[in-house]
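Me: I would like to go through a structure with you. Could you take my questions one at a time?

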Amino acid sequence: MLKNKSLVSISDLSDDDLNNVFLEADKMLDYINSSKKLDIMGSKILATLFYEPSTRTRLSFESAMQRLGGSTISMADSKTSSVSKGETLADTIRIIESYSDIIVIRHPLEGAAFLASKFSSKPVINAGDGSGEHPTQTLVDLYTIKKELGEINNKKITIMGDLKYGRTVHSLLMALTRYNVDVTLVSPENLRLSDYVYNELKNKLNITISDSLEKYINDTDVLYVTRLQKERFTDKNEYSKLIGSYRITAKETEKMKNNSIIMHPLPRVDEISPEVDSTDKAKYFKQASYGIPVRMALISMIAGD
Ligand code: NCD
């Protein structure tokens, strides 16, 4: 049961919770396709509190809430809010909780969403905390695999990109420990999974680590690509050296087997060439569109009556 619960880490959800979100998301997808007006959230208000840039996550939460018949308030830019006057996260949360029924927060610091959930009597959803986690993106990712490939079990999943700083990767890997999958991690050496994350996962997940995609691409069901997390690099020279160090082009897609898919949490920078978009492998825009039914399901399960 998710009612009134915060979602800070993907580990906050039980296996049943995950399945219930997916079942509910299917129903929401039907509603969206039938253009029926829903009034599940009535007079409820969802607040989005974003201390970092976002397009998809914030807008999809707001769109999802409005499709459910509820309304939204938003702090989309911390520079134009009282944060710029020095207000603490604790104080901001104490105020926002009295203005809303559910709070969605994105923050550059790991642990910020957890802290917010401790200060709030209203449920808090983590929409990304630094390099930490991004659990709702993982729900969207898993839902996409289920919709596009039928099931998650028995799949070979290759995750390529910035595994060190990428929070979507961290939550996704934690979630994949619940399934019977083979995971290959491909990245430049400097961007491998941090030891503390790897040690957490190594006994729970069948992981292979590589710096080359070549050996695995023709046997992969899901190729999950992420961008270099530019904003997390403390050394900008290090970032500059890594630009262009991995890239998926039409050449790679031709090596992929039938029914395999390419996913990306987006935004994409240059790690997937635009020519890939028109291939049947490219599912990243579809993946982004699943953000609406999945977030509708989650909001209604957490904050619905
Ligand atoms: C991701 C994020 O914010 O972590 N974006 C998103 O929410 N879809 C991925 C990224 O920014 O690279």
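Me: How many aromatic pairs does a search of the whole structure find?
Reply: The search finds 5 aromatic pairs; rings of Phe, Tyr and Trp (its six-membered ring) pair if their centres lie within 6.5 Å, and planes under 30 degrees apart count as stacked, over 60 as edge-to-face and the rest as tilted. This is a predicted model, in which local features need pLDDT of at least 70, side-chain atom pairs count only at pLDDT 80 or more, and totals for chains, interfaces and linings use all residues. Residues are numbered from 1 along each chain as its sequence is written, and side-chain values use heavy atoms, with hydrogens and water left out.

Me: What is the geometry of the pair formed by F233 and Y239?
Reply: That pair is edge-to-face, with 5.5 Å centre to centre and 65° between the planes.

Me: Is F233 buried or exposed?
Reply: F233 is buried, at a relative accessible area of 5% (buried means under 20%, exposed over 50%, partly exposed in between, with a 1.4 Å probe and protein chains only). Y239 is buried as well, at 14%.

Me: Which residues do ring pairs link into a cluster?
Reply: F22, Y143 and Y290.

Me: Now the ligand. Which residues surround it?
Reply: Among them are T57, R106, H134, Q137 and L266.

Key:
A residue is near a molecule or strand if one of its heavy atoms lies within 4 Å of it.
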